[in-house]
Amino acid sequence: MNPMPNSRSLYLRLLRYVRPYWRIFALSLLGMVIFALTEPAMPAWFQPVIDGSFIDKDPQTIFWMPIALVVIFLIRGIGSFIGVVAINWVAQRVVMDLRRELFDRLLVLPTRYFTNATTGRTLSKSTYDVTQVAQASTEVLAVFVQDGLALIGLLAWMFYLNWKLTLIVLVITPVLLPVLKIASRRMRTLNTGLQRRMGDLTHVLEETIGGHKVVKLFGGEDYERRRHHEIANWLRRLNVKVIATSAFLVPAVQVVGVAALGVIVYVASYQGAQGHFTAGQFVSYFVAMGLLFRPLKRLTKVNEHLQRGLAAAESVFALIDEEAEPSGGAKSLDRISGELRFEALSFSYEGEEPLLRGIDLTVRPGETLAVVGPSGSGKSTLINLIPRFYVPTGGRILLDGVDIAELAVRDLRRHLALVSQEVILFNDTVRANIAYGALGHADAAEVAAAARAAHAMEFIDQLPDGLDTLIGENGIRLSGGQRQRIAIARAILRNAPILLLDEATSALDSHSERHIQEAVESLRRGRTTLIIAHRLSTIERADRIAYMQAGQIVEIGTHQELLARDGLYAQLHRAQRGEVLSDVAGESLPAS
């Protein structure tokens, strides 16, 4: 585990996001300085009012003091407006920049990150944590500048009026420092826990919403309710602890301050009795003392926001600092024939048993290779290594004789089209989902042709707006088979020389599957195709079939050759054929 970054390094890094907007930030500081300078002007105003107007009854003082009060508040209002608007403008820019950097990082993170991280925590970083960071980068700094200057100005005025009394205030202040240090450390720890629990809560919500059908069907309401309530209770407890720690600081500061005030009242009264303190000076001094508590309270209170912001910054920067997916080598291939060669290929997740063990295989240009075998045998892992979603732990993959590790990842993937069992669609139109990303330049005729080739136009024509119909989140308004056909249409439009099909027809009924098989037969001509399938009827016409078991290829040949060999493939074929015959016989039985 990496050591917790210290507050200073985190804050300095955070301020780098403010640097591009230093002009607006400087303007906000100017506004705060103007506002802060009016703080000592307020108690200073009381001295001539009391001594000049009420005691000496000076006509000029009586005339000018009300005007001076209006001017003070006018300047104060202008400074406050400039400071608040400018600092919040900078804060929102920082939030936007952090969210943009987070999203840009998400786009280049390796598949390994998404395998290990929960979606809820990742979402929480970009939503909840980033807004907390804004407080630490700008608002907290604004309090330090504005209230710090106000505090200095008020103390300076108090020194001017009576330096002996002010020394008493300064002698008592260091008593608070150990309390503040202990509270700061606790606030940081509590807020770090708060960020994590917020991510857990987002994760539970996302899973429950996304899997609501499973929750209802399998009676998971109580289980999900317990999970949600447990995390919500942890959040409540952490928030109460944060509030309690913060609430302790404020009265602690106030108690010490009031104790000092009691001593000061006694000394000031004694000095007044000796004629060393005028009535105006006495009132002015105590108005300054009263105004001193507000910036002092805000400065102690700001520690809560600072520690929360630093805990959020630690979380956000942890994601930003995640290692990006390797970009690969510098080589590129403009055109490829499509030969794939696997040499002693092995793969395993860190600290786990190997999923692939020494795969040696050559797929010839234009050949269709089907890969079958029991679940967990490594079929999908083999497919995922070709686009470099994962990096082999041993051996290599060659494309047209070039190690794919030497190719730029973007260039490698340009030659591939993938249709997986897990169909991913976006909350957009049918057209946008077929002509997605780099395919966005395709015209309407090309999109429609790809949809027809995938036998998707049969249902697209029935949609309210045809190709321009919005399909909802992950195509929720479509059936599983319809979503699969849109994914296949996307692959057809890609027109890549290498086609990867990972259970691409798993969500289709028999009628749709026949249409898709015809589309795939047409699509795979002249292309190197790797097909993963459980239903052997879908791959009998493949050029070769490889049977995988425990991460190794144990049989390979044509459909007829493997049947004649009477090995594992033949056993699987007989088992599936028996299931089909059983289903057919069952359907022919009369209803009882």
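A nonpolar core is a set of buried Ala, Val, Leu, Ile, Met, Phe, Trp, Tyr and Cys residues joined through side-chain atoms within 4.5 Å. With that in mind, welcome to this predicted model.

**View 1. The protein as a whole has 19 helices and 10 strands.** Of its 592 residues, 46% count as buried. Among contacts with a separation of 6 or more, 79% join residues 24 or more positions apart. The accessible surface comes to about 30,900 Å², and carbon and sulfur atoms own 60% of that area.

**View 2. The largest nonpolar core holds 51 residues.** Leu 98, Tyr 285 and Phe 317 have the most contacts inside this core. At least two core residues come from each of the helices α1 (7–15), α2 (22–55), α3 (59–108), α5 (119–161), α9 (221–273) and α10 (279–320). Helix α10 gives the most, with 15 residues.

**View 3. Here we zoom in on Tyr 285 and its contacts.** Leaving aside residues up to four places away in sequence, Tyr 285 touches Met 158, Leu 161, Asn 162, Leu 165, Thr 166, Ile 264 and Phe 277.

**View 4. A second, separate core has 44 residues.** Look for Ala 370, Ala 417, Leu 499 and Leu 536, which are among its members.

**View 5. Thr 368 sits in strand β3, which covers residues 368–372.** Thr 368 counts as buried because its relative accessible area is 0%, and the cut-off for buried is under 20%. Apart from residues up to four places away in sequence, Thr 368 touches Arg 524, Thr 529, Ile 531, Ala 542, Asp 543 and Arg 544.

How values were computed
Residues are numbered from 1 along each chain as its sequence is written. This is a predicted model: local features need pLDDT of at least 70, side-chain atom pairs count only at pLDDT 80 or more; totals for chains, interfaces and linings use all residues. Side-chain values use heavy atoms; hydrogens and water are left out. Helices (H or I, at least four residues) and strands (E, at least two) are DSSP runs, numbered from the N terminus. Buried means under 20% relative accessible area, exposed over 50%, partly exposed in between (1.4 Å probe, protein chains only). Contact means heavy atoms within 4.5 Å. Accessible areas come from the Shrake-Rupley method with a 1.4 Å probe; for residues, only the protein chains shown count as cover.
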